[in-house]
Amino acid sequence: MKPTFHIVQTTVAPPEAPPAHEPGGWWLRAQTPDGRLLGTLHGLPEQGRSRARCSFHFGRVVHSAPELGLYQVQTTLQLGHDATGEAELSGLFLSAAAEAPEAVADALLQAALARLADADTPASWVIAELPGWRDTAGCSPFWDGLVRHFLPPGSLDAADAAQRHGPAFSSHLGEMLPRELIHAAFLSPAAQQALGRCADSHTTWLAALQRAGFADWRHGRIEDGGPLLAAPRRAGERRR
Amino acid sequence: MTPTHTLPTDLLLRPVAADDLDALQGLAAAAGPGIGSLREDRIGLGRRIEESLQAFATEDEDTSGEERYLFVLQASGSGSGSGSGSGSESGSGLAPGRLLGCAGIAARSGYGSRFYSYRNEFIVASSAALGLTQRTHTLHLCHDLTGSSLLTSFYIVPGAPAAAAQLLSRARLLFLALHPQRFSDRIVAEFPGLLDADGASPFWDAIGRRFFGMDYPQAEALAGGRSKAFIAHLMPQSPLYVPLLPEAAQSAIGQLHPDGELPFQILIDEGFDADSYIDIFDGGPTAEGRLQALASVRAARPLAQLAAQPNLACTRHRAGFRARLVAAGDAAADLGPQPLATPLQLPESV
C-alpha cells in the first residue's frame with residue numbers, strides 16, 4: 001500500500017520531537033496530506049562544532065598467558081570525542097498515531113541519508129544515538145553502575161538534569177567522568193548488560209536504522225550506555 | 001614502650017647460618033601464609049640461607065643489587081654485658097640457642113624485573129555548568145619502588161619481649177646505614193593486607209580474581225614460582241577507579257592484617273610513610289622511607305655517646321655482623337670497637 005504521508009524539510013523544530021542534539025542542520029517531518037505529524041528527525045552535517053560530544057568507546061583488551069592457560073577477553077570503556085566531525089541524526093520521533101511507524105521511520109531515514117550524502121561536510125559517517133535501556137522503574141543500570149560513582153552523592157537527578165540542560169547535559173556530564181580506560185568487569189552485572197543496549201521505547205528506530213544500513217559503532221552514550229549506530233555517509237548516494 | 005627493667009640483653013641478632021635451617025623452617029611454619037617472603041618450603045628456605053650467606057660474603061665492589069640478607073634473632077643465654085652500670089635486670093629467660101625470629105633485606109626490590117605497586121592518587125573532576133566538583137580515589141599500577149631496598153621476612157615468635165621486636169626490625173636499619181653503598185637510600189616494606197573471616201582477600205577478589213578467576217595462592221602456584229611481576233603483568237594496566245570496587249574491597253585498601261601490626265608500627269614510628277603505595281594483590285600497605293630520615297638512623301651515634309640510656313647497638317663490620325640490646329652504662333665490648341648505637345626508646349622529636 002502506498003504510504004499516505006510525505007516528507008517535508010524545515011528548519012523549525014517540531015514541538016512534539018525531542019530536541020536536536022546541536023543547533024544548525026535541518027528537520028525532516030513525515031506528515032499526512034492534511035498536515036498531521038507522524039514522525040521527525042534532525043540532520044546535522046557535522047557534529048561537535050557547538051559543544052564537546054562525548055561517548056564511551058567499547059573496546060577489548062586481552063589478558064593472555066598461554067603457558068598458564070589464561071586467556072581472557074575484557075570489554076573496556078574509553079571516554080572520548082570520537083564522533084566529533086561526523087554527521088548526526090537526532091530528534092528521532094514517531095507519533096503514536098502513526099499507523100505504520102516502521103514505514104515512517106524508513107522514509108525519514110532514506111530522505112535524511114540522501115541529504116547528508118550530498119552535504120558539504122568532511123564527515124565519513126552518519127551517527128545516530130539511541131537512549132540506553134532502563135528498568136521497569138525507569139532507572140538506568142548504566143547510570144547506577146558507573147556514572148553516579150563519579151558525582152557527589154545525591155547531587156544530581158539524571159532526569160531533572162537532562163530536562164534542565166537539554167542535550168548539552170551529556171557534555172557537562174563528560175567533564176565529571178573518568179578519562180582513563182575502564183574495565184567493564186568492574187561494573188555491576190546489570191550495568192555490563194546495559195552497554196550498548198537500546199531503550200525499549202526506541203526499538204522501532206533501532207530496527208529502522210539497521211534496515212537503513214546502520215550498524216553498531218561500538219560506542220555508547222555516557223549517561224545511559226545507549227548505543228551509537230553508524231552508516232557510511234556516502235552510502236546515501238546509492239540509495240537514491 | 002619497652003620497659004628497661006627487663007631489657008633482654010641476651011638476645012643476639014646475627015646473619016642466618018647454614019645450620020639454622022631446621023629452626024628457620026619452624027619459624028616459617030609458625031608465621032603462616034601472611035608473610036609471602038617467608039614460606040614454609042624447606043628447599044626455598046635453604047636457598048634463602050645460601051643467598052644470605054652469599055650476600056654477606058660479597059664485597060662491596062662486587063654487589064649487583066640481587067643480594068638478599070637474612071638475619072635471625074637468637075637467645076644467647078649469655079646476658080652479654082647485662083646489668084653493668086644500670087642496676088637493671090636483664091635476660092630473656094629463653095633457652096639458649098633458640099631462634100625467636102627472623103628479618104631480611106633485599107638489596108634492590110624487583111631486581112632483574114619490576115616491583116609493582118598500586119599508587120594512591122586522587123583526581124578532581126569539575127563541571128561549572130552542573131555546579132559539581134568530585135574527588136575520586138584511583139589506584140595506579142606503577143613500578144615506582146623498583147630498585148628500592150626492601151625490608152622482608154619479619155617474623156617474631158608470639159610472647160617474645162617487646163624490645164626483641166625492636167631489635168629484630170631496627171638493627172636492619174643500622175646495617176643499612178653502615179653499608180649504604182650496597183643499598184638504595186629508599187627503603188620499602190610490604191605488609192600483609194586484610195583478609196575476611198574465611199581467609200579470602202576482598203581486594204584480590206574484586207580485582208585479581210576478575211582476571212584470573214582463582215584465589216591468589218592458586219594464581220601464585222599456577223605461576224610456578226615466577227615472580228609476582230609475572231602475575232602483575234596480567235593485571236589491568238590502566239588506573240582503577242576505587243568507587244567502582246565493592247565496598248569490602250574499598251575498605252581493604254591500605255588496611256593491615258593483624259599479623260603485621262607489630263612490625264608495621266615499628267616502621268611507622270621510624271617515620272615510614274604508608275599512605276602512598278599498596279600491594280597489588282591484597283591491598284596491604286607498603287611503607288616507604290628515606291634511610292637518612294628514619295628515626296633510628298638519625299639518632300645513631302657511637303655507643304659511648306649514648307651510654308646513659310638503653311640502646312640497640314651493633315658491630316660496624318659486615319662480616320660477623322652482630323646486634324643486641326645494651327643496657328645503660330654497658331660498653332658492649334663484645335660488639336667490637338666503637339659499636340654503632342641508637343636509643344632503644346626514640347625521643348618523639350628525633
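## Around helix 2 of chain B

Let's start inside chain B of this predicted model. Strand 2 (11-15), helix 1 (21-31) and strand 3 (68-75) of chain B are among the elements that cover the buried residues of helix 2 of chain B. Helices (H or I, at least four residues) and strands (E, at least two) are DSSP runs, numbered from the N terminus. A residue counts as buried if 20 or more other C-beta atoms lie within 10 Å of its own, as exposed if 12 or fewer do, and as partly exposed in between, with C-beta atoms placed from the backbone.

The buried residues in helix 2 of chain B are Leu45(B), Arg48(B), Ile49(B), Ser52(B) and Ala55(B). They lie on the same side of helix 2 of chain B because they cover an arc of only 125 degrees around the axis, the arc being that of the directions from the helix axis to the C-beta atoms. On the face turned away from that buried side sit the exposed residues Ile43(B), Arg47(B) and Ala57(B).

## How to read the model

Residues are numbered from 1 along each chain as its sequence is written, while chains are lettered from A and ligands numbered from 1 in the order in which they are written. In this predicted model, local features need pLDDT of at least 70 and side-chain atom pairs count only at pLDDT 80 or more, whereas totals for chains, interfaces and linings use all residues.

## The nonpolar core

The largest nonpolar core has 165 residues. Such a core is a set of buried Ala, Val, Leu, Ile, Met, Phe, Trp, Tyr and Cys residues joined through C-beta atoms within 7 Å. Its largest share, 11 residues, comes from helix 3 (residues 162-178) of chain B.

Leu108(A) and Leu167(B) are among the residues with the most contacts inside this core. Beyond its neighbours within four places in sequence, Leu167(B) is in contact (C-beta atoms, placed from the backbone, within 7 Å) with residues including Leu11(B), Leu73(B) and Leu312(B).

## Chain A at a glance

Chain A has seven helices and 10 strands. Buried residues make up 45% of its 240 residues. Along its principal axes, the C-alpha trace of chain A spans about 65 × 40 × 35 Å.

## Confidence

The predictor's confidence in each residue is its pLDDT, from 0 to 100. For chain B the mean pLDDT is 88, and 89% of its residues reach 70 or more. Over residues 81-89 of chain B the pLDDT is below 50. Where pLDDT is low, the predicted coordinates should not be read in detail.

Terms used: Contact = placed C-beta atoms within 7 Å.
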